[in-house]
Structure formats: structure tokens, C-alpha cells
Amino acid sequence: MAGVDLRGVRKSYGETAVIHGVDCAVGDGEFVVILGPSGCGKSTLLRMVAGLETITGGEIAIAGKVVNQVEPKDRNIAMVFQNYALYPHMSVRDNMAYGLKIRGMARAEIDRRVRDAAGILELGHLLDRLPRQLSGGQRQRVAMGRAIVREPDVFLFDEPLSNLDAKLRVQMRLEIRKLHQRLRTTSIYVTHDQVEAMTLGDRLIVMNAGIAEQIGPPLEIYGRPETVFVAGFIGAPAMNFLAGRVGQGGKSVHIEGGLELAADHQAGAAGRTVTVGFRPEDLVRGGPGNAVRLRVDLIEPLGADTLVHGSIEGGQGQVTARLPGTQRLAAGEVAALTLAADKLHLFDKDSGKRI
Amino acid sequence: MVERRPILTFFAHATLILGVVMVALPVYVTLIASTHDQARMLQAPVPLLPGDHFLENLVTVLITGLGASQAAPPVGMMLLNSLVMAVTIATGKIAISILSAYAIVYFRFPLRMTFFWMIFITLMLPVEVRILPTFKVVADLGMLNSYAGLTVPLIASATATFLFRQFFLTVPDELLEAARIDGAGPMRFFVDILLPLSRTSIAALFVIQFIYGWNQYLWPLVITTDESFYTIVMGIARMVNVVDAAARWNQVMLAALLAMVPPVIVVVVMQRQFVKGLVETEK
């Protein structure tokens, strides 16, 4: 067991820089999820931890030891790949045992570990099958088994669930979570799926264009996004954004279009251009706060919730509200809603940073 | 699809039967000729029914040889020579080209693509084109009349290298990465993972290259003067070229028949793997 320290980690391919310095200390036994859209460098970062990509700048340390120049096999890590990367010509048993065999482990010990891992993952009856005779979920489990038997310091997951269908994905997500609770092995998990990230991670690293935009526990990231990017990326339906200017006294915002919203904290000098964000579920009926009138364009009843798309009177652009499923609204109606002052997220227009 | 067109069916079958007859008839004539004595073979028309001299011919051809008037050693020895040559060429080609393909696909070294193209360009230089310089080299190395001389100049193969390269490119990179994390070094990865995955390609290539080696005519003809290194294909040609006597067609035909057997065996034995190797890439 060991932690992983990333210190100013950079990566560039020739002139093109893809990762611009990531700092993060992953604690012993922690489950950290790297989340971001495609091409943000999250897989590259993971592959640098694995030793499959060279490190252009900065340091990566596993268990306190800098591993920049250490071969993947000597880093004591195990990786689960998106396409599983099982050896097609080896049985499930041999796939799991291969790494141990190379390390010259005694046959009895290999057998014991493979049997244990197969027990945990319920693969016992499949040990003599070939990968092509398995379903996607089973292959996924074998790939995890191959990682478990090594008893590594760190597990690395590279979008391991993307090739599974939706139902299986939910099931495997729970299994990975259970597995981590049981083994308590430090894990780094890369995904573009925010539900996976929120449910699995002790902490998230939200990446965008090679920069770690925010690092923190899932609910903190959801509740206090540090940048406009994080605010828009986390949460579905996405956060609503309106452009505006800070009003007199600095504790209110004039939305383009005329509406004025009160904020609960100082937003800087009057006239500063800001982006105002609020989550769809924070537009509610009744209660204290700013009055907002929403002209309904479209309704999506989801059962438990109803998504209402429309435009705000005195504001520009589309806004989405998530109201309880019991609400009955029709297109063209105007809904009187309120938005609490402490639910407003204010971001500087130019830097995109939270105010 | 259900189709009922009797005339079409008739023509389809007629064409196929005609094709079979055209291919099979010469083989049949060869087989029949090998069962007659020489006297019968010199009469017209060519016999189409089996005679009773097959075993006698077989013993003559395989063991005693055709006598001083015939310019060829016993067929048995020539078959053995051909077998050695074909197997050495096929295995040598596979061994060399799989290794060079491995180097070209998986290792980064200076002038990698230059080497690839150099190998590729040799596709344009078959033995027949480079026969004089190659002969000079082999002669200077003292390899005339030896198995080395018969096989080594034919072993380098751009075709096989190219085929293996294409196959390796289809193997997912993650497999290599998984093996690296598992602790397999380059040779371990090659032996434990790449070789088993290439099994069908190897089988397909073996069949092709075995037949290529077996059918070599010009090169053995040039390189051997010692009868004990004659191969069957050139031997048959020599058996026909007799001076001051009639060719012993019954024995020539039997030798031709025997020459067909090993390639057929190789194809039959490896057919399943061969077809698999050409049509599917197992991943």
C-alpha cells in the first residue's frame, strides 16, 4: 500500500504540450478519479503514472520513491485497460497468473492467489475458458482479477467500463466500489462519465485541456465548483449560466436583459463582468430568495422530476429548471420561481474563476 | 435464397465438371503411365487403364536409380534433398522475417523506416533477377554443392516480413502495455504472446514457402553439379533429357507423381490453419 504523488507533472509531444503541470497527492488507500472530456489529457496522465509514457517535466512518486525513470514492471502497479487487453490465447487462469509467473513466484502461491481473486470476482467456474468465450462483463472481471492477484501498491483504471452496456456498467461500478472497500488499495481511475466519477471517487481531479481545474471530494466539487468549466461539466442537466455585471455595493448582479439578482457575498467592484451560474434544481417554487419568472418553452417529464426549459424574464438565453414531478406546467405558461442568494455561483468573466 | 433454374444449375455443374476433368486428367494420365513398363509407353495411344508394373517401377525409381544412361540419381535421394531444401527455406524464411518484422514494428531505432523500405524493395529482386551475382557470392563462399548453398540465398523474404508486419500492426498496443506492466521483457513478450498469436500466420506462410522451396528449379540447377545434391524438380527435367535413348516415361511419370506428394501432404495437414491464417486475424 502506498500513496502516489504528482508534483508539477508535465507532458509534451515535441512542441505540443498536453499536460501543463498537475499537482496532486493521492493518499494511501484513497480512490481518486480523474474526470474530464475526451482529449483533456487524463489518460496520458494515468499512463505516465503507469510508466507507459515518459514524463516531460515534474515528478511522480509512488510510495515516496520517485519513479520517473523506473520501468512499469518495477513500479508495483497494476492496470486495467479500456479494452481489457487480455492475452487472447491464454485461459483466464493463465491470464491472471502470467505476471506472477514472470516474477518467478512459486506455483502454489500463484494458485492460491488466482483462486482467491477468482473467488472475490466470482470467476471460479470460468478459469479454464479463453477470453473470447467470455462476455464483456466477465472479461472486465478477468482484467480486474489480473490486477488483484499482483497485490500491487496502486491500481490504475483506464476507462474500464466504457465498453460495457449501461446496465452492466452500473453493476460493475458497484463491484469496483465494493472491491475497493474490501482491498483498500490506492486507486486512480480515469473516466469521462461524471456519474462514475461521483459515485466511485473519494476525491476527483477534474481536468480540462491538460490542466487540473479542481481537485476535491465529489460533493465539494458539485457544491463549490472553482471554475466555469467545472461548474458546467459536473451535473446533469448542466448548470445554467447567465452573463451579467456586478451592481452597486457589490452584493448583487445585473443580468443582461434587466433582471437583478442578490448574491450572498461580495462579488467585487461595481461594473465587473461576471458569469452567474445556478443549478437547475436550485430554481424552486416558493421559499426566500430572488424572484425569477420562467417562460416555459418545453417540458420533459422524467417521473420523479420534471425538467422545464425556458427563458427568464429579464434575462437572455435558455435556462433549465428541475422541478418535482408533481408540478403540472404547459408550454407558454410563466412559472414564478425563486432562486436563493446562496445558490448563486459567481465567476469572473475573463478568468473563469469562482468569486 | 431459393432459386429454381434447372438450366442454370445444369450449366454450372457442367462447367465445374469440365474444370475438374481438365485439372484431373493430366494427373490421372501420370498415375496410369507410372503403372506400365517402358515398352507399353512407347506405343500409341497413351494407355488410359492401369497396368501391373507399378511396384517394379517404384523400386527402380526410388532405390536403384535409372542406370548410367539416365542423368539422374535415385528419386528417393532427390526427394530427400528437396525436402531438406523446402523445409529449411520455409522455416528459415519464417524465423528471419518474423524477427525482422518484430524489430520494425515494436522497436524505435534510427533509420527504422529506411530498413523497412530496403527489405520491401527486395521484393523486386527474385532469384532469377539476381542469379549471377548471387551465384558469384555463393561460389566464392565455397557453398556450391551444399545444402547451405541451396537454401541460404533463398531464405531472406520480404513477402513474409511484410505479412508479419501487417499482422503485428493489428495486435492492440494495450497487449504490449499489459505485458510490460506484467513484467515481460521484449523477448518474453515475443515468445509468450506474439508467437502464439501469429500461429495461424506462421502456418499459412509455411505452406506457401514450403511449396516455393519445393518448386525451385533454376537455382538448384545452377548451384549443384554433384548428383547427391540434385533436387526432385530439376531431377525430373534431367530424366527427360536423355541422349541416344528413349525417355523412360513410365519412370519419369512416377517420379513426377512422387514429387507431388509432399506438397499435397503439407497442404492437407495445414489446410485448416492455412485458411484461418489468410482470412482471420485472431485478436
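Predicted model: local features only at pLDDT ≥ 70, side-chain atom pairs only at ≥ 80, totals over all residues.
1. The domain assignment divides chain A into domain 1, residues 4-229, and domain 2, residues 238-348. The centres of domain 1 of chain A and domain 2 of chain A, taken over C-alpha atoms, are separated by 39 Å, and the contact involves seven residues from domain 1 of chain A and six residues from domain 2 of chain A.

2. Between them, domain 1 of chain A and domain 2 of chain A bury about 530 Å², with 62% of that area on carbon and sulfur atoms. Of the area that domain 1 of chain A buries against domain 2 of chain A, 86% is supplied by A:Tyr222, A:Pro225 and A:Val228, which is more than any other three residues supply.

3. As for polar interactions, there are zero salt bridges between domain 1 of chain A and domain 2 of chain A, while two residue pairs are in polar contact across this interface, both at pLDDT 80 or more. On the side of domain 1 of chain A that touches domain 2 of chain A, helix H7 (residues 218-223) of chain A gives the largest share, three residues, and the residues of that side comprise four nonpolar, two polar and one charged.

4. Helix H2 (residues 92-102) of chain A is largely enclosed by the rest of the structure, because eight of its 11 residues are buried; among them are A:Asn95, A:Met96, A:Tyr98 and A:Leu100. The cover over the buried residues of H2(A) includes helix H3 (107-121) and helix H4 (136-148) of chain A, together with helix H9 (173-182) and helix H10 (186-197) of chain B. Just after H2(A), A:Gly104 adopts a positive phi of about 75°.

How values were computed:
Residues numbered from 1 in each chain as written. Chains lettered and ligands numbered in written order. Heavy atoms only, no water. Domains from an automatic or database assignment. Contact = heavy atoms within 4.5 Å. Buried area = accessible area lost by both parts, 1.4 Å probe. Salt bridge = Lys/Arg side-chain N within 4 Å of Asp/Glu carboxyl O. Polar contact = N/O pair within 3.5 Å; in protein donor to acceptor, adjacent residues only side chain to side chain. Helix = DSSP H or I, 4+ residues; strand = E, 2+ residues; numbered from the N terminus. Nonpolar A, V, L, I, M, F, W, Y, C, P; charged D, E, K, R; others polar. Buried < 20%, exposed > 50% of the residue type's maximum accessible area, 1.4 Å probe, protein only.
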